[in-house]
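The sequence and structure come first.

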Amino acid sequence: MKKIVLAIGLYCSFLNAGKAQLSTYYGDSTNFKKRTLKFEEINIVSGYYVQDGNNSAITGGIGTEQLTDFANSFDITFSKIDRYNRTHTFNVDFNIDRYTSASSDNIDPLTKSSASRSDVHIYPSINWSVKDDAARTTKSLGYAFSTEYDYRSHGFNGGLTFLSKDKNTEYSLKGSAYLDTYMCILPSELRPADYPSGAHRDQAGIAYKPRNTFSGSFSIAQVINQRLQVMGIIEPGYQEGMLSTPFHRVYFSNGNHTTEKLPSTKIKLPIGLRVSYFGGDKLVIRGFYRFYVDDWGMMAHTANIEIPYKISPFFSVMPFYRVNNQSAAKYFNKYGAHDPSEQYYTSDYDLSKFISEFVGVGLRMAPPGGIAHVVNWNSMELRYGYYHRSNGMVGHSVSLQIKIK
Amino acid sequence: MKYLNNIFLWVVFVLVLSSCTTVKEYQKSRINDSDMELSSRKSEKFEQAFYLYREGASGANGGKSGGGCGCN
């Protein structure tokens, strides 16, 4: 712990030194409004997630779903005011996950450990926004990249936000496109004779398929009174390309088996509502509800409530509860139940009918002199949650966030 | 009937919006509290990711709604 505090302290000193250098370089005259690049904040988030269940899609809806994921994120934000008094904000976000998956090892059960036994997921992104106080608008652009062993993605997004004259209503319009490429790794027994396994030295001639996702969102946020604000959001989405996962097995009622097959397009319509209410002096109620429907026949209701309680102005306890109730996609059926005459089929239990619950608590510290007396170490948040799905899958999630400002 | 319930909820939402009062900047000490933000917390980042993988529904929560993650 001492080492962590020391490391964060040293890092903060480095940032202060950097700030001083930038001011020296650009000049620090009091006659001019400073237009130097200003450090805003750094957020470091680490998460550990573990799950287990007995409905793996790789083995056709039966078998272990054991998975562990250790994820780390580092994002840094800078801002600068231009000569038209607009605030430019630059954010760079770097994320890396390392996961191990027992079920993925069953893509090739004869070769322990196969291509997807464990993997590293790297996904950096950059975002730029321009806030114009005179016009009450914020425009933003972003790019995201994501790579895994069998997956690569380029994401683009843009947005426009407009604030009302009384600053109590905010309209926001966003669009995003993800252009993804999937390497078609097939289960070992279903590969054609000359088809590569996808292992490091056996990829020549393997098929790559596209998967593109486009979505737009429109939201309205409204301050209702001094204690209550709400936001409504609608986010239609469209996907095309290979939407099935090539190494998911499906077993038919006649005993044969093949790989999952799903339509090449999907239209989704989620509609969400957020509410934040400040009760008394210490209690906040944060609520979220989402209605979701898609053209694969799935309908879902998701609700989340979090009640941060401020034990002191610098320390909060945040219990939370989330529930998701979804119907099955019309192409889902369990192991050995699909009819061979069906056009589309999957035994992926993520698309089955279930109720999932996530319950836990968060702790947040933000003392005025900084954590452990490191002035720039603004806050720290620790969260634990227990995830349970009505089909028996369980998971645990722990996250730690550190903010340096 | 389910659709009627949803329509009813949205009508209530619109009525709530239209009944709001103007809140001045100096009256927003509670509204500007960090816990009041109408978005997910940074510390929820990886929770949002496993919802995206483990559940069929996604979107309208400020995060990804599919794409860029090997999930649909």
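## Basis of the description

Two strands are taken to pair if DSSP finds at least two bridges between them, and strands themselves are DSSP runs of E with at least two residues, numbered from the N terminus. This is a predicted model, in which local features need pLDDT of at least 70 and side-chain atom pairs count only at pLDDT 80 or more, while totals for chains, interfaces and linings use all residues. Residues are numbered from 1 along each chain as its sequence is written, and chains are lettered from A and ligands numbered from 1 in the order in which they are written.

Strand 6 (residues 137-148) and strand 7 (residues 151-163) of chain A run antiparallel to one another over 12 bridges, with A:Tyr143 finding its bridge partner in A:Phe156 of strand 7. Two residues separate these strands, which together form a hairpin.

Strand 7 of chain A also pairs in the antiparallel sense with strand 8 (residues 169-183) of chain A, here over 13 bridges, and A:His154 has A:Leu179 in strand 8 as its bridge partner. This second pair is likewise a hairpin, with five residues between its strands.

## Positive phi in two loops

A:Lys167, in the loop between strand 7 and strand 8 of chain A, has a positive phi of about 60° although it is not a glycine. With 14 other C-beta atoms within 10 Å, A:Lys167 is partly exposed; on this scale, with C-beta atoms placed from the backbone, a residue is buried at 20 or more such neighbours, exposed at 12 or fewer, and partly exposed in between.

A:Asn85, also not a glycine, has a positive phi of about 65° and sits in the loop between strand 2 (67-81) and strand 3 (87-101) of chain A. A:Asn85 is exposed, having 12 other C-beta atoms within 10 Å.

Not counting residues up to four places away in sequence, A:Ala329 touches several residues, including A:Met298 and B:Gly56, where contact requires C-beta atoms, placed from the backbone, to lie within 7 Å. The contact between the chains takes 70 residues from chain A and 37 residues from chain B. On the side of chain A that touches chain B, strand 14 (residues 265-279) gives the most, with nine residues.

How values were computed
Contact = placed C-beta atoms within 7 Å. Helix = DSSP H or I, 4+ residues; strand = E, 2+ residues; numbered from the N terminus.
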